[in-house]
Amino acid sequence: MACILHIETSTTTCSVAVSENSQVIFQQAEQPAEGQLGGSAEKLGPMVDEAMSFTDSHAIPFDAVAVSCGPGSYTGLRIGVSMAKGICYGQGLKLISVPTLQLLCVPVLLREAVREEDALLCPMIDARRMEVYAGIYDRALREVRAVGADVVDAETYRPWLDEHPVYFFGNGAAKCMEQINHPNARLIEGIEPLAKWMQPLAERRFVSGQFEDVAYFEPFYLKDYVAKMPKKLI
């Protein structure tokens with residue numbers, strides 16, 4: 001199996017992890033102090049250096065770099081992807097992208113917090129006010145509804161809520177529950193997109209040869225959302 005460096009900077013928490021043979025062998029995560037700007041830019045470099053020093057000291061060569069590719073913070077994603085691409089260029093490594101909303105589902109599934117077989121998962125990334133980036137997945141992480149930028153009201157997720165229990169989580173979820181207000185809506189708190197959760201998704205892509213072109217890859221946010229999001233969110 002592969003040794004993969006994982007980088008996650010889609011929200012205010014900046015995190016780095018290393019996995020080898022399906023096990024996380026190094027992890028670190030930090031949040032910027034309240035009011036601090038550019039937290040990812042300041043913290044990511046030293047965290048990556050520490051992860052690489054760890055693997056060097058154990059004579060473990062990297063096979064790939066995995067990066068959370070959004071949607072999420074415009075600045076955070078740029079920083080994370082730029083770091084990942086720079087390492088891939090410098091060391092001749094493969095680049096793997098991990099969709100942030102799928103990444104959010106991993107701790108929910110690992111904790112067995114979802115019990116109903118027909119339940120759906122709706123990870124949410126905050127986009128200010130009553131707007132979120134969200135997608136809907138089944139328990140096998142098959143896409144039920146494509147990722148979109150949603151303005152949340154009582155009707156936004158009703159077609160799925162009328163048929164299934166739907167679990168909402170991520171840093172955009174709590175603020176939406178009063179608007180959603182449906183008996184099938186479930187809130188799971190405390191779920192963050194952290195690098196240590198990237199391992200199963202990144203390893204699956206590594207095994208299947210699902211790599212990105214290092215020269216041309218851009219985060220999901222940049223490619224698909226910047227043109228249509230309100231300027232206040234960019």
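Biologist: Which residue in S8 stands opposite Ile-136?

Modeller: Arg-145 in S8 does. Bear in mind that this is a predicted model: local features need pLDDT of at least 70, side-chain atom pairs count only at pLDDT 80 or more, and totals for chains, interfaces and linings use all residues. Residues are numbered from 1 along each chain as its sequence is written, and side-chain values use heavy atoms, with hydrogens and water left out.

Biologist: How do you know that S7 and S8 pair?

Modeller: Two strands pair if DSSP finds at least two bridges between them. Six bridges join S7 to S8, so the pairing holds. The two run antiparallel. Strands themselves are DSSP runs of E, at least two residues, and helices are runs of H or I, at least four residues, both numbered from the N terminus.

Biologist: What joins S7 to S6?

Modeller: Four bridges, again in the antiparallel sense. Asp-126 stands opposite Val-132 in S7, and the S6 and S7 hairpin has four residues between the strands.

Biologist: Why is S7 called largely enclosed?

Modeller: Buried means under 20% relative accessible area, exposed over 50% and partly exposed in between (1.4 Å probe, protein chains only). Seven of the seven residues of S7 are buried, so the strand is largely enclosed by the rest of the structure. One side holds Glu-131, Tyr-133, Gly-135 and Tyr-137, the other Val-132, Ala-134 and Ile-136.

Biologist: Why does Leu-141 count as buried?

Modeller: Leu-141 has 13% relative accessibility, so it falls on the buried side of the cut-off. Leu-141 sits in the loop between S7 and S8, with a positive phi near 65° though it isn't a glycine.

Biologist: And why does Arg-129 count as exposed?

Modeller: Its 65% relative accessibility clears the limit, so Arg-129 is exposed. Arg-129 lies in the loop between S6 and S7, and its phi is positive too, about 45°.

Biologist: What makes the crossover from S4 to S5 right-handed?

Modeller: First, the strands: S4 and S5 pair in the parallel sense over five bridges. The chain crosses from S4 through helix H2 (residues 74-91) to S5, and this β-α-β crossover is right-handed. The label applies if, with the strands pointing away from the viewer, the path from the first strand over the helix to the second runs clockwise.

Biologist: Where is Pro-71 found?

Modeller: In the loop between S4 and H2. A cis peptide bond joins Gly-70 and Pro-71, with omega about 10°.
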